[in-house]
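I opened a new structure today and kept notes as I went. Here is what I looked up, in the order I looked.

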Amino acid sequence: MSASAPNPRQHFASDNYAGMCPNAERWFHEANGSGHEPAYGEDRWTQRVSDALRELFQTDCDVYFVFNGTAANSLALASLCQSYHSVICTSVAHVETDECGGPEFFSNGSKLLVAETSSEAARLGKLTPDAVEALVTKRSDIHYPKPKVVSLTQATELGTVYSVDEVRAIAAIAKRRHLKLHMDGARFANAVATLGCHPSDITWRAGVDVLCFGGTKNGLPVGEAVVFFDRALSEDFAYRVKQAGQLASKMRFISAPWLGLLENDTWLANARHANAMAQRLYQALLPVPGVELLHPPQANAVFAKLPPAAITRLRTEGWRFYEFIAGGGCRFMCSWDTRPESVDAFATDLRAACSAAAG
């Protein structure tokens, strides 16, 4: 372990590594100290958080809580599809690459249709209206799984962010083609922090039907919110949650920490900090010989290609980061609690590793 690294060391593999933020932890203990509460979401904490989310988005939406993002995405998509339908997404979408067939399983077979991968937008992890149109119009015969949903990831798996206009443009083609629009918002907070817009402007006002609002990566201990802006689409969703084993008996311990995120816009402050740490790391790596930065960060992730020997040395020194994303590049993910000194320590060790690799 490098002498320059803080103790305990913070890592850059995933924002899931971080623990609870203090505000979330405080409300978790508030819920625990409130005595007996009704089970299965009938408690006052779940109602209070649901109302707070409606206030945040400035609309009368339906809100459900599940344990994790895979369940949120899979159940939301299942509510929008029949088994003979299909979902349009990018080649790097989490629903395509990292959910073990969950969307297909819970929808009883809805097929994921992967969009083109050659355009500049696709290389940045984004869908475009043209990519959606190409898949919708590719075939219309009964042998082809009928397109029914477009799934966007905001921020994307490559750390980029859809602008409000980009979401609106995709929503427009979706509406014209009678498709529903789903948003995987595992890092929705980071996207809003980057855009500086109101959360409603990038969701229902832009044409999004359902949002999977991520909390775990932004300071919660566990739990995501599934927010239906079109309430007609959430009919019987509670039964889907129950059948999938996602209905928490002590729901207050999933929902109450959300109060800590929503209070005084902690969710935005956490995301802004994570984004700022990614910018700090990006700037530190810019002048390092041997480092190929793939694109400027727009959220809380930095993507770069490193010499193989440098990667090996960093891992030997105990640093953790992922390599399976971005076509051979390394992903360095910052979180709500990433310390500047952690970024600086990692950058120092990375510079030394690249120097050694260069001989």
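This is a predicted model: local features need pLDDT of at least 70, side-chain atom pairs count only at pLDDT 80 or more; totals for chains, interfaces and linings use all residues.

**Entry 1: α13 against α14**

I started with helix α13, residues 308–316, and helix α14, residues 340–357. Which residues of α13 meet α14? I found Ala309, Ala310, Arg313 and Leu314 on the α13 side. Across from them, α14 brings Phe346, Asp349, Leu350, Ala352, Ala353, Cys354, Ala356 and Ala357. Sorting the residues of this contact, I get ten nonpolar, no polar and two charged.

Then I checked the geometry. The two axes come within 8 Å and cross at roughly 135°. Angles over 145 degrees would count as roughly antiparallel, so I put α13 and α14 down as oblique to each other. The crossing of α13 and α14 is right-handed.

**Entry 2: α12 against α14**

Next I looked at α12, residues 266–285, where it passes α14. The axes come within 10 Å here, and the crossing angle is roughly 25°. How do α12 and α14 run, roughly parallel or roughly antiparallel? Under 35 degrees counts as roughly parallel, so α12 and α14 are roughly parallel to each other. This crossing, too, I noted as right-handed.

From α12 I listed Met277, Arg280, Leu281, Ala284 and Leu285. They meet Pro340, Val343, Asp344, Phe346, Ala347, Leu350 and Arg351 in α14. The residues of this contact divide into nine nonpolar, no polar and three charged. Phe346 and Leu350 of α14 are names I had already written down for the contact with α13.

I went back to the segment before α1 (22–32), where Asp15 lies. Is Asp15 buried or exposed? Its relative accessible area is 0%, so Asp15 is buried. Which side chains does the Asp15 side chain reach with polar contacts? I found one to the side chain of Arg187 at 2.8 Å and another to the side chain of Asn300 at 3.0 Å. Setting aside residues up to four places away in sequence, Asp15 touches Arg187, Lys217, Asn300, Met333, Cys334 and Ser335.

Ser14 sits in the segment before α1 as well. With 5% relative accessibility, Ser14 counts as buried. A polar atom of its side chain lies 2.9 Å from the backbone nitrogen of Asn16. Again leaving out residues up to four places away, Ser14 touches Tyr322, Arg331 and Met333. Met333 was on my Asp15 list too.

**Entry 3: Asp201**

I found Asp201 in the loop between α9 (188–195) and β6 (210–214). At a relative accessible area of 25%, Asp201 is partly exposed. Beyond its neighbours within four places, Asp201 is in contact with Val164 and Ala206. I also checked Asp201 against Phe57: they are 144 residues apart along the chain, with C-alpha atoms separated by 8.8 Å.

A cis peptide bond joins Gln154 and Ala155, with omega about -5°. Ala155 is in the loop between β4 (146–153) and α8 (164–176).

His178 has a positive phi, near 60°, though it is not a glycine. I placed His178 in the loop between α8 and β5 (180–185), and its relative accessible area of 66% makes it exposed.

Asp236 also has a positive phi, near 70°. Asp236 is in the loop between β7 (224–228) and α10 (237–243), and at 49% relative accessibility it counts as partly exposed.

Definitions and conventions:
Residues are numbered from 1 along each chain as its sequence is written. Side-chain values use heavy atoms; hydrogens and water are left out. Helices (H or I, at least four residues) and strands (E, at least two) are DSSP runs, numbered from the N terminus. Buried means under 20% relative accessible area, exposed over 50%, partly exposed in between (1.4 Å probe, protein chains only). A polar contact is a pair of N or O atoms within 3.5 Å; within protein, one must be able to donate a hydrogen and the other to accept it, and residues adjacent in sequence count only if both atoms are side-chain atoms. Contact means heavy atoms within 4.5 Å. Axes are lines fitted to C-alpha atoms, for helices over the stretch in contact, and angles run from 0 to 180 degrees between N-to-C directions. Angles under 35 degrees count as roughly parallel, over 145 as roughly antiparallel, 65 to 115 as roughly perpendicular and the rest as oblique. A crossing is left-handed if the near helix is turned anticlockwise from the far one by less than a right angle, and right-handed if clockwise. Ala, Val, Leu, Ile, Met, Phe, Trp, Tyr, Cys and Pro count as nonpolar, Asp, Glu, Lys and Arg as charged, and the others, Gly among them, as polar.
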